[in-house]
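Have the viewer open and follow along.

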Amino acid sequence: MQFRSLVLTSVLLPLLPLTAAAQAGRLVLPDFSALSKKASQSVDISLDPSLMGLANGILAGTSNPNTAVIKDLASGVQGVYVRSYKFDEDGAYSKADVDAIRAQLVAPWVSLVSTHDRKQQSDVDIFVNRSGERTAGMAIITSKPRELTIVNIVGPIDLAKLGQLQGQLGVGLGLGGDVSAHPPSKGD
């Protein structure tokens with residue numbers, strides 16, 4: 001029995017750094033299915049590494065002028081996770097829903113932008129997960145009385161290129177003000 005535990009430990013212990021590295025920049029998003037049912041509009045995007053490869057393949061067949069920039073930006077991205085909800089009434093989600101995400105945004109996460117408008121009751125927070133000079137992920141949380149949006153991009157991110165693409169993929173990232181999920185414009 002003790003030998004089995006020792007063997008199992010010796011096999012699994014070397015895998016721990018791999019597991020930690022795979023999770024760098026990735027948030028654990030709660031099950032928001034109850035919020036989705038309350039929402040008048042919802043967006044749920046979960047692109048893991050295998051689906052990112054599929055998305056890159058789809059991009060290869062498009063004529064969008066931003067395709068090259070998108071492919072370059074997405075080349076190192078390991079995942080994109082978006083949860084966005086709009087409600088018909090104030091108070092459809094609780095502060096605890098947002099706090100469960102914010103509680104994960106501690107070192108090595110660093111706050112880039114934090115805006116709070118008491119009058120409009122809106123908050124926008126943008127964090128990056130840094131490992132030395134390398135960005136391992138980005139998290140964006142925006143909350144208003146009738147809206148909640150969480151964006152998590154896992155992997156190295158070039159913020160300048162990301163700013164160029166704001167809104168092109170159906171998600172405004174708050175780099176020019178609005179953070180929301182919306183359908184891409186007809187030119188996309």
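What follows covers salt bridges and then one isoleucine.

A word on ground rules: this is a predicted model, where local features need pLDDT of at least 70, side-chain atom pairs count only at pLDDT 80 or more, and totals for chains, interfaces and linings use all residues. Residues are numbered from 1 along each chain as its sequence is written, and side-chain values use heavy atoms, with hydrogens and water left out.

**Salt bridges**

How many salt bridges does a search of the whole structure find? The search turns up four, where a salt bridge is a side-chain nitrogen of Lys or Arg within 4 Å of a carboxyl oxygen of Asp or Glu. Here are some of them:

| Salt bridge | N to O distance |
|---|---|
| R83 and D44 | 3.1 Å |
| D90 and R146 | 2.9 Å |
| D99 and K95 | 3.1 Å |

Take the R83 and D44 salt bridge, at 3.1 Å from N to O. R83 sits in strand β2 (residues 79–86) and D44 in strand β1 (residues 41–47), so this pair ties together parts that are 39 residues apart in sequence. Strands here are DSSP E runs of at least two residues, helices are H or I runs of at least four, and both are numbered from the N terminus. For accessibility, buried means under 20% relative accessible area, exposed means over 50%, and partly exposed is in between (1.4 Å probe, protein chains only). R83 counts as buried because its relative accessibility is 12%, whereas D44, at 54%, counts as exposed.

Next up, D90 and R146 meet in a salt bridge at 2.9 Å, N to O. This pair links distant parts of the chain, 56 residues apart: D90 is in the loop between β2 and α6 (95–102), and R146 is in the loop between β5 (134–144) and β6 (147–154). D90 is partly exposed at 49% relative accessibility, and R146 is partly exposed at 40%.

The D99 and K95 salt bridge stays within helix α6, where the two residues are four apart and so separated by about one helical turn. D99 is partly exposed at 31%, while K95 is exposed at 62%.

**One isoleucine**

Is I141 buried or exposed? With a relative accessible area of 0%, I141 is buried, and you'll find I141 in strand β5. Leaving aside residues up to four places away in sequence, I141 touches V98, I101, R102, L105, D123, V124, D125 and T149, a contact being heavy atoms within 4.5 Å. I101 is 40 residues from I141 in sequence, with 8.5 Å between their C-alpha atoms.
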